[in-house]
Amino acid sequence: MRVAIVGASGAVGQEFLKVLAEHNFPITELSLFGSKRSAGTSYHFKGKDYVVKELCHNDDFKDIDIAFVSAGGSTSIEFAETITKHGAIMIDNSSAFRMCDDVPLVVPEVNPKDALNAPRRIIANPNCTTIQMVVALKAIEDVSHIRRVHVATYQAASGAGAAAMAELENQYRQIVAGEKPTVEKFAHQLAFNLIPHVDVFTDNGYTKEELKMYNETRKIMHSDVQVSATCVRVPVMRAHSEAVWVETERPVTPEEARKAFESAKGIVVIENNEAKEYPMPLDIAGKEPVYVGRIRSDLSNPNGLTFWCVSDQIKKGAALNAVQIAESLIEQGAFKA
């Protein structure tokens with residue numbers, strides 16, 4: 001495959017390179033693109049150095065099969081036609097096209113066939129919090145239809161970028177030294193704190209991040225499921241956690257749910273209460289699966305089930321899911337030799 005990465009110098013762009021190497025993705029040609037500022041930067045990939053080109057409106061994508069794009073929504077919108085006009089498939093990591101009717105929103109463990117119907121040759125990568133949740137929900141949905149989901153997220157600083165991670169680290173250093181912590185990337189100090197506010201607020205009191213979980217879950221799962229989310233930023237470097245409550249059409253026992261999770265693609269169950277074993281972001285950072293634990297019945301709802309899930313939002317929540325979409329397209333015969 002002839003592959004391009006747009007936004008190669010960013011955190012997700014770098015993760016693309018790592019995941020493509022780890023998966024031994026079948027690349028015959030690799031092209032890296034970025035802003036004027038990052039153009040000229042060199043990156044090493046599988047024994048060879050590649051120089052980042054400036055992203056321009058030209059024919060640089062004429063011989064590209066798949067373009068992984070993670071350069072922000074405005075860049076995706078501006079360059080979508082340039083990237084796809086010669087036939088390349090654009091797998092976009094921004095929110096720009098996620099809710100467009102003619103753009104599939106894909107998590108390969110859940111709806112891989114949707115990727116085959118991309119009339120604009122654009123496939124959207126969902127929001128990171130949605131991705132890890134729907135991977136887990138799919139296992140339960142296969143047992144009994146899910147009517148309702150309540151979810152509280154515990155989102156790492158890395159979800160706001162490398163500068164946000166650096167700010168959190170610096171805040172701890174400043175506080176220990178008795179200095180006033182610097183606050184720039186977040187609405188408030190994150191160190192030794194929780195911020196119940198991710199993305200901007202909308203008129204109904206929910207943030208855009210919370211509404212993404214509602215809308216994207218329904219589109220990916222082709223479901224009428226009702227989703228209510230509260231998204232919280234926590235002083236963790238990397239990997240998002242979620243506490244999830246589901247209501248199913250019929251009661252699903254914890255044992256039945258555990259078996260469903262254990263047999264599902266992309267899920268690892270960690271659950272040993274006696275040994276105090278459960279998924280934690282400290283252990284999950286850098287790993288591929290969605291990890292599930294704390295599986296139990298909801299005491300307030302006879303048809304309710306609750307569980308805890310953790311996943312690396314830079315890996316599975318961004319780069320890995322995009323690469324898995326490309327792998328799924330190959331497996332489904334989307335590219336002819």
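**Burial and overall form**

I began with burial: 50% of the 337 residues in the protein chain are buried, where buried means under 20% relative accessible area, exposed over 50%, and partly exposed in between, with a 1.4 Å probe and protein chains only. The model is a predicted one, in which local features need pLDDT of at least 70 and side-chain atom pairs count only at pLDDT 80 or more, while totals for chains, interfaces and linings use all residues. I note too that residues are numbered from 1 along each chain as its sequence is written, and that side-chain values use heavy atoms, with hydrogens and water left out.

I looked up the secondary structure and found eight helices and 13 strands in the protein chain; these are DSSP runs numbered from the N terminus, helices being H or I with at least four residues and strands E with at least two. The radius of gyration is 20 Å, close to the 20 Å that the globule rule gives for 337 residues, so the protein chain is as compact as a globular protein of that length; the radius is taken over C-alpha atoms, and the rule is 2.2 Å times the number of residues to the power 0.38. Of the contacts between residues at least 6 apart in sequence, 66% join residues at least 24 apart, a contact being heavy atoms within 4.5 Å.

**Helix α6**

I then went to helix α6, residues 254-263, where Pro 254, Ala 257, Ala 260 and Phe 261 are buried. Seen down the axis of α6, these buried residues fall within an arc of 125 degrees, so they line one face of the helix; the arc is that of the directions from the helix axis to the C-beta atoms. On the other side of α6 I found Lys 259, Glu 262 and Ser 263 exposed. The cover over the buried residues of α6 includes α3 (128-141), β11 (267-269), β12 (290-297) and β13 (304-311).

**Two single residues**

I looked up Glu 242, which sits in strand β10 (residues 240-248) and is buried, with a relative accessible area of 0%. Not counting residues up to four places away in sequence, Glu 242 touches several residues, among them Thr 129, Gln 132, Met 133, Phe 307 and Trp 308.

Last I turned to Pro 181, in the loop between α4 (162-176) and α5 (208-221), which counts as buried at 17% relative accessibility. Leaving aside neighbours within four places in sequence, Pro 181 is in contact with Gln 171, Gln 174, Ile 175 and Gln 189.
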